[in-house]
Amino acid sequence: MDENFQEEFTQIIKFQPPLYKQRYQFVKDIVEKYKPKKVADLGCADCSLLWMLKFCSCIEVLAGLDICANVMKEKMHTLSPLPVDYLQPSERSLTVTLHHGSVAHKDPCMLGFDLVTCIELIEHLEESELKKFPEVVFGFMAPSIVVISTPNSEFNPLLPRVMLYRHPDHKFEWSQAEFQSWALETARCYNYSVEFTGVGHPPTGMEKVGFCTQIGVFVRKYPQTGESVQSEKPTEAVYKTVFKAVYPSLKDEKYLQNAVISEVIFTAQIIKHRFMSKRKHGDDPERKSEFQPSVNCFSDYLGKLVVERNMEPFVSGNEVYIPLATIFSFPKVNRLCGTFEKLCKLIAGKVTLSSDGSAVMFNIEHE
């Protein structure tokens, strides 16, 4: 939050990479370590961290919450799927949602998350909001991991032009001892452990000042039961959803079918091209067919098919036929479909096949 304003004050220190990028990278490293499927960013502001996290392959649900809807709306378009996401759908599902609301309020849409991040958030909270914050995040939401970052006031004398706080909207800025005292008490109350670290190293010889941004990583000690979550659920939502994007995924039968059809046609065209080129320039009888797949690559069904039927493409009249079994032996088609039966089901009626449905058929009258 407010990284541009804060970076203005840290130009003389010259953090490399910039401090806000170090904070985001810290969160990304946490994601890569723990592989959470559902991540919520409280105080998401311009959605920069969410945009970075949407590329993490383990994440299937991303949610952002902020008290200022206008800031989110300015950049929320960056969280929408791109044309390439539809042309090449991912194997994972991904849903991104933005909510307008306060971290001092409970809403059932924030239940069930594995990781919750609060990057440069708590120092913006009024005293009354800060008192409610632990119960909302650690008591109600109760994720497995919570990452909280906040300015270290002991670093402020090293930052030019900082008189009291680093940002005019900050309600407080804690020393290392103050933050650790609050974090340890919060962890104790809600059965979490907490480890302290940070980003933005102090100059050599001033290590006692600590990191410019101090970070607490909270890990829940005991799993929260479904019953305890249900008992605290509010009866109605209090947040307003301002954005939602569902990314195309191969887990959706529609996108899977499109991907399989496209890959089957592409693979068949390649095989046809090589086959016709071989016919045109003559074939070496001693040369083993480059299309003959290994029996080991197939199920028993396909193994028998290799033995009983020629897997080579063949020409009949003005038509060239590419056996489906040959196409299925290609790794990408195999991975997409899983079984030969599913391949046949997905392309049925969508790809021109031979009369018995065993081969893709192309007309070569003009070739």
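1. A word on patches before we start: they are made of residues with over 30% relative accessible area and no salt bridge, and nonpolar side chains are joined within 5 Å. In this predicted model, Met163, Leu164 and Tyr165 make a nonpolar surface patch of about 380 Å². Tyr165 sits in the loop between strand E5 (145-151) and helix H7 (176-189), and Tyr165 counts as partly exposed at 30% relative accessibility.

2. Do have a look at the open sheet of three strands, ordered E9-E10-E11 with antiparallel pairing. Its edge strands, E9 (314-316) and E11 (359-363), each pair on one side only, and the twist from one strand to the next averages 30°. Strand E10 (residues 319-323) is joined to E11 by five bridges; Pro323 has Ala359 as its bridge partner in E11.

3. Helix H9 (residues 253-281) lies across E9, E10 and E11, running at about 120° to E10. Glu263 of helix H9 pairs with Lys332 of helix H12 (residues 331-337) in a salt bridge of 3.6 Å, N to O. Glu263 is buried, at 14% relative accessible area, whereas Lys332 is partly exposed at 40%.

4. The count of salt bridges comes to nine. One of particular reach joins the side chains of Glu60 and Lys251 (3.5 Å, N to O): Glu60 lies in the loop between H3 and E2 and Lys251 in the loop between E8 and H9, so the pair ties together parts 191 residues apart in sequence.

5. For a local pair, see Lys131 and Glu127, with closest N and O atoms 3.9 Å apart. They are four residues apart in helix H6 (residues 127-141), so about one helical turn separates them. Lys131 is exposed at 63%, and Glu127 is exposed at 60%.

Terms used. Residues numbered from 1 in each chain as written. Predicted model: local features only at pLDDT ≥ 70, side-chain atom pairs only at ≥ 80, totals over all residues. Heavy atoms only, no water. Pairing = 2+ DSSP bridges. Helix = DSSP H or I, 4+ residues; strand = E, 2+ residues; numbered from the N terminus. Axes fitted to C-alpha atoms, helices over the stretch in contact; angles between N-to-C directions. Contact = heavy atoms within 4.5 Å. Patch = residues over 30% accessible without salt bridge, like charges linked within 9 Å, V, L, I, M, F, W, Y side chains within 5 Å. Areas by Shrake-Rupley, 256 points an atom, 1.4 Å probe, with all protein chains shown as cover. Salt bridge = Lys/Arg side-chain N within 4 Å of Asp/Glu carboxyl O. Buried < 20%, exposed > 50% of the residue type's maximum accessible area, 1.4 Å probe, protein only.
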